[in-house]
Amino acid sequence: MEIIAKSEPRISLSEHIDDCLRILEFLKIYFPKIQEVLSKNDFWETVKLSVLMHDLGKAHSEFQKLLLDQENEWHGQRHELFSLPFIDALNVEGVRKQIIKLVVAGHHKDFEQLSSKYISNTYVEGDVDEFGADGLMDFTKEFQKVDQEDIIKMLREKHSIVLEKVKVNRPLKLILSYLQNSHGNKINSTDGTYFELLLIFGALKHCDHLGSAQVQKIECLETSSFQFLRRKRQELVDKGKDFYQHQIASSDVEGNAILTAPTGSGKTESAILWLKHQLEISGQGRAFYVLPYTASINAMYERLSNEKDGLGAEKVGMMHGKLQAYLYEYVDDNPEIGSSKNEVIKGIQDKFKTISMPFKVVTPFQLLKKLFGLKGFEKGIFEWVGGCFIFDEIHAYSPTVFAQLKVLLEYVVVNLKARVFIMTATMPSFLKLEIENSLGEFKSITASPNLYSAFNRHRVILKEGLLHDGLDLISQRLEAGDKVLVVCNTVVQAQEVFKNLT
């Protein structure tokens, strides 16, 4: 009998594994820095074994009935726990086997939930005495309901994996051992095994998520994606001009950089030129363009997702707290979409959230929340490996957010081999020093003095006296039809000035 993994649409377990392995092949190409980060040669092989093993427990006869909407006695068990005995039968060394077991056991539910809700309250530990077990099940007996013969045959014939004798170990020991080490601080973010486990978790979850959606392709930024920059430069050359000096300098930098240039001098193009060069010299990695405000994120997304004058709609996504509202407005402005608006919006949101988009315009909070271990953080941190982070006006945030961004910069640069491009029109020297310390090695790029002179569009004239002394001059300018900005220090003063001018 065919073992199925999904019921709507109906997908066999073998097909689902193939779908996940297809995603894995994309990850291997687009995240070349993984090996450099971990300094291990077996990372991708461990992920592959995790993919092969992660859903084998679905071969449990009662779970198959559940998927087929038939009467069953599944009783809310976790299918991933029934994958563990097959992992124990793998012919791999002990540490790697332990990592695979942890990754597979925890790829849907965290270990605290597995221990308290799905193991301790479900299975009896030890032998059942004469008084019974208060309705608890025996894990060993439940595993006998798994179609072991077909699983072993599939692994051998399709994936050339020959299992040793399958023995059943109760899962509670595995989970409790990890939790005890974690609570005892024996496993933490500075531990190499934890870091490897985190990245394998992230890779498996990406494979499972996109594999379940039967995604056929993951996009990447190619040389052709940057053709709009070549066209823009050619247009300037045809007029006897060229890119600014700081833009050309940005296109030659290898690694981290801080650009200081006046507003309107093409800092965005500088960042994209820098990004193009990083991908050429260091290989693929996902890109994140970080902006402080929703309106500026929307505008940047529309600019960079343009098919002619940007990277293209298939390459660029965005994430911020008001994304759904933006998408509803976008859908309303496109009546050809028809009656399936909610499905379209959900589809776009889901795509933006996944690793499918190689370039994302985001708020800093979409990145920072991964550092706090919120749901799905493993996928987010995996996505950062070897990434390129572009920050525009990084000093515009509150001191608290700036401090968190400083930690983020240090984490991605030191631990994930990421590259960072900071650009600003003006930045206080003490903040710049903090950023420099976080980046370590970096190249400083500054627009030419001549360009600053050319962009000097305002003159400031200081007048003697208080604001009230200049109200007559302000009134004269208003009566002449000029626009005048009046700034007061207090609400009371602002109300008083308003009365005098109206």
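Colleague: What are the ground rules?

Modeller: It's a predicted model, so local features need pLDDT of at least 70 and side-chain atom pairs count only at pLDDT 80 or more, while totals for chains, interfaces and linings use all residues. Residues are numbered from 1 along each chain as its sequence is written, and side-chain values use heavy atoms, with hydrogens and water left out.

Colleague: How many helices and strands are there in the protein?

Modeller: The protein has 24 helices and nine strands; these are DSSP runs, H or I of at least four residues for helices and E of at least two for strands, numbered from the N terminus.

Colleague: Why is α16 called oblique to α17?

Modeller: Helix α16 (residues 323–332) and helix α17 (residues 341–353) pack at about 130°, with axes 10 Å apart. Angles under 35 degrees count as roughly parallel, over 145 as roughly antiparallel, 65 to 115 as roughly perpendicular and the rest as oblique, so α16 is oblique to α17.

Colleague: Which residues of α16 and α17 make the contact?

Modeller: Contact means heavy atoms within 4.5 Å. Among those making it are L323, L327 and Y328 of α16 and V344, I348 and F352 of α17. The contact residues divide into nine nonpolar, three polar and two charged. Here Ala, Val, Leu, Ile, Met, Phe, Trp, Tyr, Cys and Pro count as nonpolar, Asp, Glu, Lys and Arg as charged, and the others, Gly among them, as polar.

Colleague: What makes W44 and F382 an edge-to-face pair?

Modeller: Rings of Phe, Tyr and Trp (its six-membered ring) pair if their centres lie within 6.5 Å; planes under 30 degrees apart are stacked, over 60 edge-to-face and the rest tilted. W44 and F382 sit 6.4 Å centre to centre with 85° between the planes, hence edge-to-face. W44 lies in helix α3 (residues 43–53) and F382 in helix α19 (residues 377–384), so the pair ties together parts 338 residues apart in sequence.

Colleague: Is W44 buried or exposed?

Modeller: Buried means under 20% relative accessible area, exposed over 50%, partly exposed in between (1.4 Å probe, protein chains only). W44 comes in at 11%, so it's buried. F382, at 0%, counts as buried too.

Colleague: And what about the pair of Y244 and F455?

Modeller: Y244 and F455 are edge-to-face, at 6.3 Å centre to centre and 75° between the planes. Y244, at 34% relative accessibility, counts as partly exposed, whereas F455, at 18%, counts as buried.

Notes
Axes are lines fitted to C-alpha atoms, for helices over the stretch in contact, and angles run from 0 to 180 degrees between N-to-C directions.
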